[in-house]
Each structure stands twice: as structure tokens, then as C-alpha cells.
Amino acid sequence: MAGDNIATPMMVQYLGLKAKAEDCLLFYRMGDFFELFFDDARAAAATLDIALTSRGEHDGNPIPMCGVPVHAAEGYLARLIKAGHRVAIAEQTESPEQAKARGGSKTLVARDIVRFVTAGTLTEDSLLDSWSSNMLVAVAQVGEAFGLAAADISTGHFELVTVPHGSLEAELARLAASEVVVPDGFMYAPPDVIVRPRVDFDSVIGGDRLKQHFALETLASIGPVTRAEQAAAGGLIAYLAHAGQGKMPFLKLPVRREVHAHLLIDQATRDSLEINSASKGGRAGSLLAEVDRTITGAGARQLAADLAAPLMDKTQIDARLSLVQWFHDAPLTRDAVRSALRALPDIARALGRVVAGRGSPRDLGQIRDGLDAARMLRERLGNMADKPVLLDQLLPVLDGHGHMVDHLARALVSTPPTDTAQGGYIAEGFDAALDVLRGAGRDGRQAIAQMEARYREATGIAALKIRHNAVLGYFVEVPARHGDALMAPGTGFTHRQTMAGAVRFNSPELHEEAVRITQAGGHALAAEAAHLEELVAMVLARRDQIAASADALARIDVSAALAERAAESNWCRPSFVAHPCLEIESGRHPVVESALAKSGDRFIANDCKLSPEKRLWLVSGPNMGGKSTFLRQNALIVLLAQAGSYVPATSARLGLVDRLFSRVGASDNLARGRSTFMVEMVETAAILAQATERSFVILDEVGRGTSTYDGLAIAWAVVEGIHETNRCRCLFATHYHELTRLSESLDALSLHHVRAKEYKGDLVLLHELAEGPADRSYGIAVAKLAGLPPQVVARASSVLARLEKGRAETGGLAAGLGDLPLFSAALDAAEAKVDALRDKLTGLDIDALSPRAALDLLYELKRAAGEN
């Protein structure tokens with residue numbers, strides 16, 4: 001092997017497959033190992049921390065090489081995928097005997113890529129997080145519209161949506177895709193996308209692919225599928241066909257989403273509110289982790305999807321809330337249902353593996369057990385009175401699998417294995433002929449045990465054993481010192497193999513019994529495989545109904561879990577009204593409240609009452625006083641309410657919110673060359689451009705990242721813009737006390753502050769919200785509380801006294817701002833100046849002007865522009 005060079009048939013084959021794999025790492029099957037060569041080997045060895053060796057030469061240099069055992073490949077794949085790699089799996093596509101028959105004894109066994117393993121195309125349990133969906137998203141543009149096709153092939157979930165450009169980023173944030181696929185040349189691609197040929201995203205071809213995959217005459221059964229959605233769906237299906245090398249995964253009939261059917265939340269807001277993950281990464285500390293009391297993986301995935309896309313339909317929200325309330329008000333029923341759910345396997349993902357052709361007897365057993373438990377749950381809940389409408393809709397979906405479940409129960413052993421190579425997964429009594437074959441195998445093994453005892457007695461060799469391996473089959477083995485005795489003529493034994501400490505033999509009687517056992521075992525394995533194929537076909541025939549049952553179980557799990565969470569902390573059911581308001585009594589931040597409770601502290605609840613008349617609250621007060629927490633808790637209450645959950649408050653009444661924006665806290669994005677201030681301005685610009693009268697915005701310390709005058713000017717203009725142009729519900733926290741003067745000119749602005757007191761020279765933060773502006777900032781008191789050296793605090797106090805004296809003498813930073821026209825009036829004035837110049841130019845007859853008159857006119861226009 002060491003003398004191999006790049007021209008060997010094996011390396012020629014490898015390089016051909018590597019060209020097909022493109023930028024994926026190539027797992028090249030060689031016996032019991034997947035081997036990697038060249039740069040693939042270097043990358044894999046570094047990621048997996050395994051030895052890098054070499055094989056043969058290329059251009060006079062050793063060829064880098066590393067390998068992983070086939071039986072442990074899933075664990076290595078998981079690490080590679082997590083590190084951002086994609087992997088192509090090249091397997092043997094013929095046996096050595098077939099290769100020999102094809103081209104002689106030295107013919108290389110044919111290999112081909114059988115699958116591409118990528119972040120968005122995983123189905124194996126060991127490669128997936130059971131609590132999170134694994135979304136693959138394809139994006140296409142047709143005209144001004146963007147189509148998104150999103151699928152989780154581990155469960156079959158498939159959805160389509162069309163969005164305008166302004167909503168594309170928010171939709172991608174909602175989906176939180178593991179992998180995004182776009183056509184070549186796509187201008188709006190997020191980072192780290194997979195680029196595929198543009199022809200895969202042709203809308204006409206995409207529509208045909210949809211119809212062909214789902215055997216549809218028309219797309220009408222899906223809904224009014226747009227051209228952009230057809231293009232995206234075509235790109236997604238083509239990518240899945242490429243990844244599976246023709247073997248398609250499970251996809252349910254796609255569900256069309258309307259972009260305005262759910263509350264839009266952009267990525268910056270999701271990060272700020274820490275909805276699905278905390279600011280430091282990971283689930284711990286997020287809203288999802290604090291709310292999640294689900295029992296099943298499917299329920300956890302459904303809850304994450306609900307929080308990612310809160311609803312905009314009051315009827316649907318109320319249906320979810322009524323089911324949560326039903327479980328909330330019946331704790332004994334809730335406990336019984338949650339106990340039943342605790343024993344449920346993950347039906348959806350087991351079905352996904354079966355449909356993808358990677359299912360095992362264990363997956364069929366999980367489907368059997370899960371659907372049997374679903375049937376019993378339906379019987380338990382179906383007999384109860386006063387069920388909510390949503391539960392009445394869900395319960396019938398849990399049933400209807402009786403014949404299939406009974407058949408699987410008779411066919412499979414109680415705990416089927418994952419591996420089929422050894423058989424043993426078809427139950428005794430299901431197939432009489434199979435039982436006979438198994439009996440022959442058992443009888444043969446007993447006969448061999450009896451034969452071993454007879455041989456020991458006949459030869460007088462107590463250490464004689466009858467063993468078995470994959471190469472020799474059954475053989476007699478004796479220690480080397482007894483080998484000569486069995487080699488003598490007339491013993492009836494035939495020499496097979498001499499080892500270092502043992503000699504192996506065969507005998508006619510052993511050979512005959514071995515043939516019987518092998519034939520019976522082979523026939524038994526073939527019979528089991530045939531039954532497995534039949535059982536898989538039965539499951540595939542009902543895959544849509546099974547998937548619907550899995551979805552129903554997930555919804556029940558979520559509802560019972562939200563009821564459990566509400567009961568734990570005395571949350572309330574929110575109500576919805578037609579006008580844009582936000583009336584929260586004793587609202588709390590769920591994550592902060594939980595953290596305080598662990599340390600024995602109590603969370604201070606606060607009210608929030610936004611109405612059309614007072615829709616903008618300007619909140620001032622010291623740092624660490626609770627302004628940011630107050631802002632965030634109200635945003636989270638809106639999100640939870642529209643997701644169909646109880647909320648952490650004494651009461652909550654709100655008008656539906658169409659978009660949620662949060663500009664609370666920021667950090668430098670040095671990777672993209674953006675400072676904290678730049679990030680803040682980009683996010684604020686998005687809010688001013690996209691917020692509507694039905695939106696809810698929280699803004700904290702806008703303008704703090706630049707000079708005092710610039711910051712105040714920006715904050716002043718942003719408050720006016722929110723009030724006059726966007727006219728949305730908004731909580732605006734600030735340290736610029738000069739902004740309180742805006743309450744004199746902005747009718748819908750209300751002043752509030754977080755309370756603080758100084759007691760014996762120390763600052764006491766009360767974390768309570770009160771009406772009116774803060775009397776002062778307490779900045780130096782906070783600095784003292786934070787531990788600044790006494791001499792620094794004293795110096796700061798003297799500097800502050802001098803500054804405040806100067807402010808009193810000059811009128812302060814905001815001197816003269818009261819004379820400014822309002823935001824809209826300022827714009828109108830600027831437009832009027834432009835209109836004056838426009839009127840002059842429009843009335844000109846240029847052809848009638850002499851050169852002298854034209855020059856005079858230019859001077860006149862310049863003077864007018866200067867005056868304006």
C-alpha cells in the first residue's frame with residue numbers, strides 16, 4: 001500500500017468522487033473504515049482530533065490520510081457537521097464477487113456517493129437535538145417578491161411563504177435555519193449559504209416538481225402558491241434530491257403561510273429579548289428555557305416554533321388559550337396527561353427515518369408504541385365533559401391506526417433492535433415458517449454442543465472446543481500440543497488452520513450440521529427482512545395520518561406544559577381587544593423573576609398602560625434601576641400572549657401587535673466592521689422604516705454611543721419620529737432628561753421614571769415605576785454603588801456641580817429646543833423651501849433666455865437656495 005501513487009485505480013476512483021463531492025469532505029469506504037485524503041484528511045483530523053497519517057505519494061509528497069470506523073461514523077459525522085463541514089458518503093455499490101465477475105480478479109470494486117450529509121438534511125437521532133427543529137430553507141426571488149420553502153426532514157414539516165424584501169430578514173430569523181440554499185447570483189443572501197444552480201430555482205420547473213413529488217394534478221390543493229414559492233420549493237426539492245442522491249426524505253404536503261399571519265420579529269429583536277437562546281449562547285437563560293415544561297421532544301419543538309411565530313389571528317390565539325386554561329383549571333387531568341406523554345417516543349422523527357429509508361425495527365416499534373399510547377389518551381380525554389374546541393379537533397386525529405398498531409404489535413418483539421443484521425426483531429408466533437427455521441437453528445446449536453461433548457470424550461482432550469467465526473464458519477479447536485493427535489489418519493478430522501497456540505479442524509459431521517444451521521439462519525434472516533419490508537410499506541401508506549397524530553400530541557403537550565408553567569408562578573390569561581393598547585397590571589419578567597427567586601429575592605412587579613391617547617412612555621431613572629427589565633418584560637408578555645400562553649402578570653389586556661421591535665443593549669460587531677453606535681443606528685433605522693401603528697417598540701438609551709450633543713439630537717428626533725410618523729406603542733428609556741420637555745409638545749407622550757432614593761449617602765434602587773420624570777440621574781450614586789474609588793467619586797461630584805452651574809447659567813443642553821417646530825412640521829417646512837425653488841424652475845422658458853439673462857437667473861437661484 002505504501003508504494004501507491006496518484007495514478008493507482010483506487011486514487012483515480014477517489015479523485016473522481018472527490019470532484020463530484022465538490023466542497024464536501026469525502027468519506028471513502030474501504031472495508032470497515034471511511035477514509036479521507038489530502039485536504040479533507042487535514043481538515044477532519046484537526047476537527048476530530050485524530051491521527052493524520054499518509055499513504056502513497058503525489059508529486060513526490062506523501063498523501064495525507066485519516067480514517068474513522070464505519071460502526072462509529074455517526075459520532076464523527078455529528079462533530080464534523082457541528083463544526084460547519086458537509087460530508088459526502090461514498091459506499092461500495094457492488095460486492096467483490098460482482099467486481100471480479102465484471103472485470104477479473106484485480107478489478108476495483110465500484111463506489112459512488114450515496115448521500116450528502118449536511119446540517120439541514122439530518123435524520124439520525126445521534127446527529128439531532130431532540131428539543132429543536134432542524135430547518136432547511138430555500139430562498140428565491142421572482143420580481144419584487146421573495147419565496148421561502150422551509151422543511152424539517154426529520155419530521156416532514158414543509159411550509160411555503162412569500163414575503164416582501166422588508167420582511168425577508170425577519171422570516172429567516174423566525175425559521176432559524178440550520179442551512180440556507182439560494183440560487184447562484186442571489187443578491188440578498190445571508191452569510192454561509194449554500195449556492196446552487198439558478199436552473200434549480202426556475203418557478204415553472206419548481207411547480208412541476210411540487211406536483212410530481214406529491215402526485216398532484218394541480219397546486220390548488222396546497223393553496224394559491226405564488227411563483228416565488230414555486231421557485232423556492234423547486235430549489236429545495238432539487239437540493240434534497242442531490243443530498244439524498246435520488247432518495248427523497250419525508251415531506252408532508254406543504255402548508256402555506258401568510259407573512260402577516262404571525263407577529264414579525266427581526267433577528268436583532270430576537271437576540272435582544274433572548275427568546276430562543278441567551279445572549280451568551282445556549283438555551284439556558286432564554287425565554288424558551290424558562291417557559292418550557294414540555295414532556296416530549298415534539299412538544300419542545302412545537303413550543304419553540306410557537307414562540308418564534310406568535311399569531312395574529314385572535315380566534316386562533318383564543319383557541320390555544322382555552323385549551324391551556326382547560327388544563328390549568330384541571331390539575332389532576334393535567335398531571336395524568338403529562339404522565340401519559342412522558343412514556344411517548346418521538347413518533348415524528350421515527351417516521352422521518354423510515355420514510356428516508358434509514359428506518360430500523362426500533363423506529364417501527366416507536367411508531368407502534370406511540371400510536372398505541374395516543375389511542376389510550378384519546379379514550380381518556382374523549383369521555384370528559386366541557387372540552388375546548390381545539391381539543392375536540394385534536395382528539396379524532398389521535399385515532400384511526402388500530403389495525404396497523406395491532407399488526408405491528410403482533411409482528412415485532414416488544415423492544416426491537418436498531419441493527420437488522422442479526423435478526424431477532426420479528427416476534428415468535430407471527431410466522432410459523434420463520435419459527436421452524438429458528439427452531440432448526442436452535443436445534444442445530446444444541447446438536448453442536450452435544451457433538452463437542454462427544455468429541456471431548458472420544459479424543460480425551462478436555463480443552464477441545466467447537467467455535468465459530470465469519471471466515472471459517474464452525475470448526476474444532478484444540479491446544480497446539482494436541483494437534484498431532486487429531487492429524488493422525490483415521491481420526492475423522494481434517495486440518496483447517498494452525499495458530500500460535502491452537503490448531504483448528506473440521507469433520508464431516510460438523511460440516512453437515514453447520515450447513516443446516518447456516519441455511520436455516522440465512523433463510524430466517526431473509527424471512528425477517530421480507531416481513532420488515534412489508535411493515536415499512538404499511539407505515540409508509542399511512543405516513544400522513546401518522547404525522548398528523550404526532551402533531552396533535554405535540555400540541556397537547558405544549559398546552560399542558562404552558563398550563564403547568566402558569567400554575568407554578570400564578571400567571572394570568574391575557575385578553576385581546578380591537579384597539580391598539582397594552583394594559584398590564586403587575587407585569588414581571590419571567591427569566592429575571594426566576595433568577596431572583598433562586599437567590600431568595602422578590603421581583604418588583606410594575607404596571608404598563610399604553611393607550612391610543614398615551615401610546616409613548618418616556619422612562620427615565622438611574623442605571624440598574626430596572627428600566628431595561630421593564631421594557632423587555634412588556635415585550636415578552638406581548639410575545640407570550642400572541643403565542644397562546646398565559647403571561648406573568650395579574651392581568652393583561654392588549655391589542656394585537658403586528659411587529660415587535662427591541663433596541664435594548666448592543667455590542668460591537670467588529671466582524672462586520674460595525675461599532676456599538678453603528679449597530680444601534682442601523683437597528684433604529686429599521687424600526688423607523690418598518691414600525692406601523694399596530695407595532696410595539698422598546699427603545700433603550702438611543703444616542704448614547706456618540707457625543708452628548710449628537711446623542712441628544714438623535715434621541716430627540718427619534719422620539720418625535722416615533723410619535724408623529726410611526727404612531728406605534730412605544731416604551732422609550734433614556735438618560736437625557738432634556739427629552740422630558742417633549743411632553744409639552746407631544747400629546748401622546750407620557751413621562752415615567754424608575755424610583756430611587758438616597759439614604760444616609762447610599763443609593764437605594766426601588767425598581768418601581770412612577771409617573772413623572774426622574775428628579776435627577778443618580779449617575780454618581782450608581783458609580784459609588786458599583787465600587788468606584790472614593791477619590792474618583794468625590795472628584796466627579798465637584799465636576800458635576802460645576803457643569804450644573806454652567807447649565808443653569810446658559811439654559812442647558814436643551815436651550816432653544818422648545819422653539820423648534822415638531823417633527824412633521826419641520827419636514828413640511830423643508831419641503832416648502834424646496835417647493836419654492838421648484839416653482840421658479842418650473843415657470844422658466846429656457847429657450848427664450850439670453851445668455852446674460854440665464855447667468856443672472858443662476859445667481860438669483862443661488863441666492864434663493866442660500867436663503868432657504
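**Notebook: a look around the chain**

I began with Ser628, which counts as partly exposed at 23% relative accessibility. My cut-offs here are under 20% relative accessible area for buried, over 50% for exposed and partly exposed in between, with a 1.4 Å probe and protein chains only.

Before going on, I noted that this is a predicted model, where local features need pLDDT of at least 70, side-chain atom pairs count only at pLDDT 80 or more, and totals for chains, interfaces and linings use all residues. I also noted that residues are numbered from 1 along each chain as its sequence is written, and that side-chain values use heavy atoms, with hydrogens and water left out.

**Entry: Ser628, continued**

I placed Ser628 in helix α22, residues 627-643. For helices I take DSSP runs of H or I with at least four residues, and for strands runs of E with at least two, both numbered from the N terminus. Leaving out residues up to four places away in sequence, I found that Ser628 touches Val664 and Asp700; a contact means heavy atoms within 4.5 Å. I also looked up Ile194, which is 434 residues from Ser628 in sequence and 38 Å from Ser628 in space, C-alpha to C-alpha.

**Entry: the whole chain**

I counted 28 helices and 27 strands. The radius of gyration of the chain is 36 Å, whereas a compact globule of 868 residues would have one near 29 Å. That radius is taken over C-alpha atoms, and the globule rule is 2.2 Å times the number of residues to the power 0.38. Along the principal axes, the C-alpha atoms fill a box of roughly 125 × 80 × 70 Å.

Of the 868 residues, 47% are buried. I then turned to contacts between residues at least 6 apart in sequence: 68% of them join residues at least 24 apart.

The accessible surface is about 40700 Å², and carbon and sulfur atoms hold 53% of that. These areas come from the Shrake-Rupley method with a 1.4 Å probe.

For charges, I found 92 positive and 107 negative side chains, with the centres of the two sets 3 Å apart. Lys and Arg count as positive and Asp and Glu as negative, while His and the chain ends are not counted. Each charge is placed at NZ of Lys, CZ of Arg, CG of Asp or CD of Glu.

**Entry: helix α3**

Which residues of α3 (73-82) are buried? I found Ala73, Leu77, Leu80 and Ile81. They sit on the same side of α3 because they cover an arc of only 95 degrees around the axis, the arc being that of the directions from the helix axis to the C-beta atoms. I jotted down the general rule beside this: an α-helix has 3.6 residues a turn, so residues three or four places apart point the same way.

Next I asked what covers those buried residues. The cover includes the strands β1 (25-30), β2 (33-37), β4 (61-69), β5 (87-92) and β6 (111-117), along with helix α2 (38-48). After α3 comes Gly84, with a positive phi near 100 degrees.

**Entry: two aspartates with positive phi**

Asp192 has a phi near 60 degrees, a positive value in a residue other than glycine. I found Asp192 in the loop between β10 (179-183) and β11 (194-196), and it is exposed at 75% relative accessibility.

Asp386 also has a positive phi, near 55 degrees, and is a residue other than glycine. The loop holding Asp386 runs between α14 (361-382) and α15 (389-394). At 72% relative accessibility, Asp386 is exposed.

**Entry: Arg338**

Is Arg338 buried or exposed? I found Arg338 buried, with a relative accessible area of 10%. Arg338 belongs to helix α12, residues 331-342. Setting aside neighbours within four places in sequence, its contacts are Arg293, Ile295, Ala560, Ala561 and Glu564. Thr294 lies 44 residues away along the chain, and the C-alpha atoms of Arg338 and Thr294 are 8.5 Å apart.

Asp372 is in helix α14 and is partly exposed, with a relative accessible area of 26%. From Asp372 to Ala409 I read 37 residues in sequence and 9.4 Å in space, C-alpha to C-alpha.

Lys784 is in helix α25, residues 779-786, and counts as partly exposed at 44% relative accessibility.
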